[in-house]
Amino acid sequence: MAGRFAPRPTRTTVRGGHVGVPAGVPRQAAVAGRVRMYVPQGPLDLGLVLGPLRRGPGDPTFRAMPDGAVWRATRTPLGPGTLRVAVQGAAVRAEAWGAGAEWLLEQVPELLGAADDPEAFAPRHRVVALARHRRPGLRLTRTGLVLESLIPSILEQKVTTDEAYRAWRLLVRKFGEPAPGPAPGQMCVMPDARTWALIPSWEWHRAGVDNKRASTILRAVRVAARLEQAVGLAPEEARARLEVVPGVGPWTSAEVVQRSHGATDAVTVGDLHLPGIVGFALAGDRDADDAVMLSLLEPYAGQRHRAARLILLSGRVPARRAPRMPRGDIGRL
């Protein structure tokens, strides 16, 4: 009970940089959650479907267990919730806890790709066809949530993935709240929009987030309700709404709708590596830019995101020929 009715952070405590759950407040006891059984149509690989939702191996909102089960802690329209999904024979058993449990269970089919139609995809290249044959369980997830994908995508702008994952991990652990139910490994639910808006400037700095990315997140959470409503729009319309926020461009909006909408045609342009990988896999051109990538993916119009996913899964990538992008940490300054 103490965990459920922990004191709410005040503006004073936020200014002092203390928004996390007070020390000593226990998590909820391990109790049975709501359960739903779902039978997918066709093969399903939980790791491939839900993998894009994990922001690094230390993501406090995501856990992939040795037994194949996947845990996910998120903030739903009804409140925080924890979801565990595991394959049992031909079915998937989903169990959820917290205020958002019912909403999470309702979304299980779309989360696991029920709205996706892999049969609509026709491979045009041998490397793509082989990747599809080897990974028949690939489906595109649809979370129905925008902010949970938007914030970490903004953190990933113009930095290495290690820096972005570290920032997400530190901020969620410090300012989020414990995941409901018997979640493993100290999982957390990301902060709500108000808490994101009240994070002090020095905490962004300590997490290695520069002012440009922090300001973009602050602008986004001020209109969080409008952005979440974009789930009801077509992917292109949703991207247009997201890009109204200064600092959110085509790269970020594509990364969001790929997860929130399960957008099959949202290509990530402006990426440092993807054009070279696609160019090398389809045409042997490791120096391809966005224009060349889009030209090569043109035969997959309507399914370009799926084609890019399969190319990445094929393992056909150019050999590294330059040093890695240097990792920075402004928190040390």
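Contact here means heavy atoms within 4.5 Å. This is a predicted model: local features need pLDDT of at least 70, side-chain atom pairs count only at pLDDT 80 or more, and totals for chains, interfaces and linings use all residues. Residues are numbered from 1 along each chain as its sequence is written, and side-chain values use heavy atoms, with hydrogens and water left out.

**View A. Helix α14 and what it packs against.** The buried residues of α14 pack against α5 (126–134), α15 (290–296) and α16 (304–314). Helices (H or I, at least four residues) and strands (E, at least two) are DSSP runs, numbered from the N terminus. Among the buried ones are Leu274, Ile277, Val278 and Leu282.

**View B. Thr268 and its surroundings.** Look in the loop between α13 and α14 for Thr268, which is buried at 6% relative accessible area. Its side chain has a polar contact of 2.8 Å with the side chain of Glu255 and another, at 2.9 Å, with that of Gln258. A polar contact is a pair of N or O atoms within 3.5 Å; within protein, one must be able to donate a hydrogen and the other to accept it, and residues adjacent in sequence count only if both atoms are side-chain atoms. Setting aside neighbours within four places in sequence, Thr268 touches Trp251, Ala254, Glu255, Gln258, Leu274 and Met293.

View C. For the cut-off, a salt bridge is a side-chain nitrogen of Lys or Arg within 4 Å of a carboxyl oxygen of Asp or Glu. Elsewhere, salt bridges with shared partners join Lys174, Glu203 and Arg206 into one network.

**View D. Salt bridges between separate parts of the chain.** The salt-bridge count comes to 13. In one of them, Arg75 meets Glu177 at 2.7 Å, N to O. Arg75 is in strand β3 (residues 70–76) and Glu177 in strand β6 (residues 177–178), so this pair ties together parts 102 residues apart in sequence. Glu177 is partly exposed at 29% relative accessibility. Another joins Glu110 and Arg142, with the closest N and O atoms 2.9 Å apart. Glu110 belongs to helix α4 (residues 108–111) and Arg142 to the loop between α5 and α6 (147–155), so here the linked parts are 32 residues apart in sequence. Glu110 is partly exposed at 29%, while Arg142 is buried at 17%.

**View E. The open sheet.** Five strands line up as β1-β5-β4-β3-β2, with antiparallel pairing. Edge strands β1 (34–38) and β2 (62–64) each have a single partner strand, so one side of each lacks a neighbour in the sheet. Strands pair if DSSP finds at least two bridges between them; β2 and β3 are joined by three. Phe62 stands opposite Arg72 in β3.

Terms used:
Buried < 20%, exposed > 50% of the residue type's maximum accessible area, 1.4 Å probe, protein only.
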